[in-house]
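Please open the structure in your viewer and keep the selection panel at hand.

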Amino acid sequence: MVVSRQLRSSGGIWIQYGETTFHLDPGPGALVKALSSRPRLIPSSIDALLLSHRHLDHANDLNIMAEAMTNGTTRKRGCIFLPPDALGKEPVLQSYLREAVEEVYLLREKNTYTVKGVSFTTPIRHYHPVETYGFLFSFPDGIVSFITDTQYHADLIEAYSGSDILVINTVRLEKGGFPGLAHLTVPDAVDIISNIRPRCAVLTHFGMTILNHKPWEIANAISDRTGIDVRAARDGMLLTLPYDR
Ligand SMILES: [Zn+2]
């Protein structure tokens, strides 16, 4: 509902380190938002498109971002990382674009991938109806992790331990309701944050129940309870490394 009404933008997350640029989960509006963003985000400069999983709110703009990354397929450059089932019987990436980029990599659990000297791992397969991975980037200035869509499982804590900045897709306010959605709730996020104890946690990917309860107040309450800097993401939010409170 949040995506279809665009109560929050769904264009995904840009990650830049030195000259290397990643775009994680180019959902609906990714291209339009990038072009209108300040500071400017230049789609033809993306080195890698990362897809956590094939659901539409994460994958909708994958094809147009691949077009933009390759200058309308005129320059063979950039790569795409996605779970194998994203190229299954209903592929989310068109075949001509698979030829247009330098490489398409299929994600596997506990693998490490490197793009222009920047490495990330997929520490665990998430608990979600389709094949889903999160990402852990080991930068010289700290470890930045993205716990993408998943149901809660205690294994997530070990998988993402050591994270300095932890971004958590926190969809629902409370447990119960629609268990089939397989998403993290606020109590799940509190559990993960208080066990991993990152220097900073960012909650994002909010559903209606969280938006209706002022996500920034939820984040402040978790900060008070855990002593950790917890923030609620907002559209256009920028976090820089090294992290400085
Ligand atoms: Zn999903």
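Select Tyr17, Phe22, Phe81, Tyr105, Tyr113, Phe120, Phe135, Phe137, Phe139 and Phe146: ring pairs link these residues into a cluster. Rings of Phe, Tyr and Trp (its six-membered ring) pair if their centres lie within 6.5 Å; planes under 30 degrees apart count as stacked, over 60 as edge-to-face and the rest as tilted. The model is predicted: local features need pLDDT of at least 70 and side-chain atom pairs pLDDT 80 or more, whereas totals for chains, interfaces and linings use all residues. Residues are numbered from 1 along each chain as its sequence is written, and side-chain values use heavy atoms, without hydrogens and water.

The whole structure contains eleven aromatic pairs. Phe120 and Phe137 have ring centres 5.4 Å apart and planes at 40°, so this pair is tilted. Next, select Phe137 with Phe139: the centres lie 5.5 Å apart and the planes at 10°, so the pair is stacked. Phe137 and Phe139 are both buried (under 20% relative accessible area; exposed is over 50%, partly exposed in between; 1.4 Å probe, protein chains only).

Now move to the zinc ion, coordinated by His53 (NE2), His55 (ND1), His128 (NE2) and Asp149 (OD) at 2.2 to 2.5 Å. Donors are N, O and S atoms within 2.8 Å of the metal (3.2 Å for Na, K and Ca); water is not among the atoms, so sites may look incomplete. Along the chain, the donors follow the spacing H-x1-H-x72-H-x20-D.
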